[in-house]
Amino acid sequence: GDDDDDLVEIRFKGRLVMVPAEKSTPALGAPDAVRLTVTGSPARIEDSLSETVVVARRATFESVVERMELEGTPDEPASVRNPDFTLDAARFARDRSAGTGSSEGPGTIVMGGAGSKPLVVSWARRMALRLEHGTGAAEDSFRGADFEGEEEARGTDFELESGTLSVEARPEGRKDVPRRIVAGGGVRARGLGASRGRFEADRVEIALSPNAAGDAQPRTLVATGDVMAADDAQVLWASGLRATFVEPRPGAAAAAGALRSAVGAVVAAGPVALALSDGSRGFASGLEGDGAGRTARLVGPDVMVIRGNLVLDQLAEVNVQESPARLGAVGPGRASSFRDEVLPRADGRVGRPRVGGVPRMQATWRESLAYADGAVKSRDGSPDRGLLLLQGGVRVRASREANAAEALDADEVQVELLPRAARGGPRAGDGEGAGDAQAIGTMRAVGNVRLEARQWADARRQGDPRLFRTNAPNIAYDGSTGGARVD
């Protein structure tokens with residue numbers, strides 16, 4: 001014909017032999033169709049109109065219905081390369097009239113726009129492409145793919161493994177860029193955000209959009225079922241989670257090859273468990289976090305925080321800051337200090353414990369709690385002390401020895417917590433557990449203070465005890481010796 005677009009040019013070496021088709025030859029898809037089968041070691045086919053290059057040991061093309069079948073081997077797969085995607089597979093078939101493509105057996109596809117870091121997916125069993133048929137002379141557009149069998153997906157900011165995977169794409173200028181990923185069947189992800197965290201869930205949905213370089217970059221993530229999210233500083237477990245991704249802070253991605261996204265807002269549905277790098281554990285009904293600011297809000301009812309031998313509970317909500325360690329809560333609550341650690345050392349997630357035994361000290365309050373690690377600076381070279389501040393109708397009850405009991409009531413109580421031996425906190429699988437037991441140093445009571453101490457002859461606490469009682473505006477109490485000083 002006169003139209004160069006309809007011209008097919010075949011170059012070969014050797015003879016050209018034309019023979020009638022055998023009876024066993026599959027029927028053509030249309031009466032005026034032409035089927036072309038090319039074999040080679042391998043054969044190479046170029047389509048200048050669609051900018052497509054096909055390389056395969058055996059390639060079959062059928063006109064009119066526009067069907068293509070490619071055959072290779074696992075060691076030398078057939079390949080298709082065009083501006084929208086690159087595919088390598090042992091077998092691949094495309095039916096343009098139906099807008100589909102498929103591959104049986106293992107393979108790899110590279111999807112993405114003009115950027116240098118597209119989305120790469122490998123599969124073990126099966127892949128199905130979804131294509132949008134072009135109009136007129138326009139070529140088909142890539143709209144998505146479904147994968148089965150030990151998938152691996154790699155993008156600009158993540159690596160993901162799953163049992164099933166679905167990718168959706170949308171046009172971005174002249175390119176088709178991945179915009180949505182849905183993974184199921186046990187999802188494991190790495191490198192999400194600039195902190196290079198780890199992630200696990202039953203099902204994950206990731207929304208992507210192109211960045212300035214044209215790369216598919218994650219924007220939001222929704223996960224459900226046995227969710228675990230971890231980085232170097234904390235581990236979070238939940239039944240569901242939603243996260244957004246933001247640009248990393250200046251300088252955070254300066255190193256070559258650094259990731260281009262950081263975790264922003266995080267909302268987790270409970271029951272939620274949290275493990276921090278200092279060994280603390282938190283238990284709540286929900287969590288709202290800020291990945292960039294390294295803060296989190298644990299939501300109740302009855303939030304519990306355990307730090308070695310110290311238990312905070314009966315809290316409506318708790319605000320946590322990672323570094324320096326800060327903790328705050330508005331409303332009533334309870335703090336209990338035990339002789340030994342409350343939680344045994346354990347890998348991974350632990351359930352919310354039922355705390356038993358009699359605490360050495362227990363405090364309740366009505367208004368607020370605040371904790372700051374290292375807030376009390378040392379003057380003699382010893383480690384700095386943490387400060388626990390309780391406000392509003394504070395009641396403290398202590399029993400350092402079996403034959404003694406102390407009671408302290410005040411408007412406000414400040415408790416210095418002696419530093420623990422430095423240890424790494426729990427990770428998902430690294431074998432660390434709760435922090436070391438933490439002792440109480442000086443306790444200062446302010447406003448309408450009442451201090452009472454009772455001591456019996458023995459642990460049976462029979463008979464009248466020796467009694468000490470005082471009221472004062474301010475009292476300092478030594479938690480290690482039981483001594484008190486009235487200011």
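Buried denotes under 20% relative accessible area, exposed over 50% and partly exposed the range in between, with a 1.4 Å probe and protein chains only. The structure is a predicted model, in which local features need pLDDT of at least 70 and side-chain atom pairs count only at pLDDT 80 or more, while totals for chains, interfaces and linings use all residues. Residues are numbered from 1 along each chain as its sequence is written, and side-chain values use heavy atoms, with hydrogens and water left out.

View A. Asp 226, in strand E15 (residues 216-230), has a phi of about 50° although it is not a glycine. Asn 448, in strand E27, likewise is not a glycine and has a positive phi of about 50°. Most residues other than glycine have a negative phi. Asp 226 is exposed because its relative accessible area is 60%; Asn 448 is exposed because its value is 62%. Strands (E, at least two residues) are DSSP runs, numbered from the N terminus.

View B. Most peptide bonds are trans.

**View C. The largest cavity and its lining.** A cavity is a set of points on a 1 Å grid over the protein atoms alone where a 1.4 Å probe fits but cannot get out; lining residues have an atom within 4 Å of a point. Grid points are joined across faces, edges and corners, and the volume is the space filled by probe spheres set on the points. One cavity of 30 Å³ or more is counted, and the largest has a volume of about 50 Å³. Strands E25 (385-398), E26 (404-417) and E27 (440-455) each supply at least two lining residues. The lining includes Arg 397, Glu 406, Met 443 and Tyr 477.

**View D. Glu 406 in strand E26.** Glu 406 counts as buried because its relative accessibility is 10%. Between Glu 406 and Ala 453 the C-alpha to C-alpha distance is 4.3 Å, although the two are 47 residues apart in sequence.

Conventions: On a 1 Å grid over the protein atoms alone, a cavity is a set of points where a 1.4 Å probe fits but cannot get out, and a pocket is an open set with protein on both sides within 12 Å along at least five of seven lines; lining residues have an atom within 4 Å of a point. Helices (H or I, at least four residues) and strands (E, at least two) are DSSP runs, numbered from the N terminus.
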